[in-house]
Amino acid sequence: MKLTTLNKIGLIFTLMLLLQGCVDNHAADRSLEKSRNQKWLEDITYFQNEYLTGSETFPDDSLASCKLILSNLKSQIDSLSDPQIILQLSKCVAMADNGHTVIPLGFMSKIPLRFYRFSNGLHIIKSDSASKEYLGAKVLEINSIEISEVEQKLKPYLPGIERWKEFKMTDYLNSPEILNGIGLSDPNSMTLTLLKGIDTLKASFDTKEIEDIYYGNWADLYPSDDDTDWKHLLNANSTKPLYLERMQEGVFYEFDDTEKLAYFGINGYWDTADDFKGEIKEFINELKTKTDYDVVCDLRYFTGGNYIIPVDLATEPPKIIDSDKNIYLVTSNMTFSAGLVTAARIKYYAGDKIVVVGEEVGDRLKFWAERDMYRMPNSEITIADANAEHDWQDDSFTFGKTFWVNSFYGVAAKDLHLDKEIKLSFEDYLNGKDPILNWILADVK
């Protein structure tokens, strides 16, 4: 159809109106975009109205203190960095006073170093290629503040008892964003004072993204050949003690026929094991042929997950081994949640055969666990909130409050106090020694 001049003018005018409408709509959309402050205000309001209202774990006095922090936070958004807001929210969550109620902070950026806390200090055990010269160095200061002081300042922002905080903070001390959140660092870099051999030196590090599957700093102890983006203090081919040599299997056992010792280990990699239940069954079947063996249950890095699968590890060995044999239970501040439950059950069923060695566990025997998950609408930060009670001290049960599975598996372990405290030193790790297993081998003779 042929357009007249008038028709052409009308079409152009119509198109101009349509175009103007699109522009106006985009302008309207932009005007509806939320500012940073509005987004944080919405998240803080969600935190208070949805999360705090739904949570069952806060003591009344802690709840009041938490609300006061939130009220102050709303008025200070403009003057605070994002990490500072996040850490204030983490401080509120920590007031629930249990290790399972938490804002996981692993998403916050880190420098390319990984630390581990030994009995004689915090050391660098893993780095990127550019920083490998610092492997093995002891961390003395962060931004010229003694490491012990940094740790004390960080503790109120982390959940759980003191021993669990000490484990978790080792994963966070290498994060400038987290330390910025408590006022101790630029969010993108930090300066460390290090002791390497007899030399004290300072070095600055920027944040860097490197693929790093998170299990906890205990997993960094193992020098994996598959970890191609990282350099390790230990050589993958070096001689390593049993707990470290087979660490990546998650669930493993060995029988030392010379020492007559049966060893079973579980760590946080348990969910990658081919057949957790099958390993326990095989172990128990072989133990029935070696009743004159002492038993070691090594849970030092069993940070949680599933305590139903290993129930037979607690109940069967005490019925199998000779009356004069012991069950050595190895724990640490990383023995937590399902790891702690498994330890409590092992102690209960072992009776007077039990010998607890290593370090104190990472939680009370009465604790909250299981979880509801909350997600803040704008930052999408998640909050894990415990929703069921456990009592592995006295085995009390309250319908509707206690985790229902414990009605079948609960025991009154009373305590998990150590019979022998032994901590891993940096030198033991470096030289491939396990002081805990060495003590057990000496004790069984």
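**Close-up 1. Serine 127 sits in strand β2 (residues 121-127) of this predicted model.** Strands here are DSSP runs of E with at least two residues, and helices are runs of H or I with at least four, both numbered from the N terminus. At 0% relative accessibility, serine 127 counts as buried (buried is under 20% relative accessible area, exposed over 50%, partly exposed in between, with a 1.4 Å probe and protein chains only). Its side chain reaches the backbone nitrogen of lysine 132 at 3.4 Å. Apart from residues up to four places away in sequence, serine 127 touches Pro112, Leu113, Lys132, Leu135, Trp230 and Lys231 (contact means heavy atoms within 4.5 Å).

Residues are numbered from 1 along each chain as its sequence is written. Because the model is predicted, local features need pLDDT of at least 70 and side-chain atom pairs count only at pLDDT 80 or more, while totals for chains, interfaces and linings use all residues; side-chain values use heavy atoms, leaving out hydrogens and water.

**Close-up 2. Aspartate 128 and lysine 208 form a salt bridge.** Their closest N and O atoms are 2.8 Å apart (a salt bridge is a side-chain nitrogen of Lys or Arg within 4 Å of a carboxyl oxygen of Asp or Glu). The two residues are 80 residues apart, with aspartate 128 in the loop between β2 and β3 (138-142) and lysine 208 in the loop between β6 (199-206) and β7 (231-232). Aspartate 128 is buried at 4% relative accessible area, whereas lysine 208 is partly exposed at 43%.

**Close-up 3. Lysine 366 and aspartate 394 meet through their side chains in a salt bridge.** The N to O distance is 3.1 Å. Lysine 366 belongs to strand β13 (residues 366-369) and aspartate 394 to the loop between β16 (388-391) and α13, so the pair ties together parts 28 residues apart in sequence. Both ends are partly exposed: lysine 366 at 40% and aspartate 394 at 33%.

**Close-up 4. Strand β10 (residues 294-301) is largely enclosed by the rest of the structure.** Eight of its eight residues are buried. Strand β9 (residues 261-267) runs parallel to β10 and is joined to it by six bridges (strands pair if DSSP finds at least two bridges between them). From β9, the chain crosses through helix α9 (residues 276-287) to β10 in a right-handed β-α-β crossover, meaning that with the strands pointing away from the viewer, the path from the first strand over the helix to the second runs clockwise. β10 also pairs in the parallel sense with strand β11 (residues 327-331), over four bridges.

Key. A polar contact is a pair of N or O atoms within 3.5 Å; within protein, one must be able to donate a hydrogen and the other to accept it, and residues adjacent in sequence count only if both atoms are side-chain atoms.
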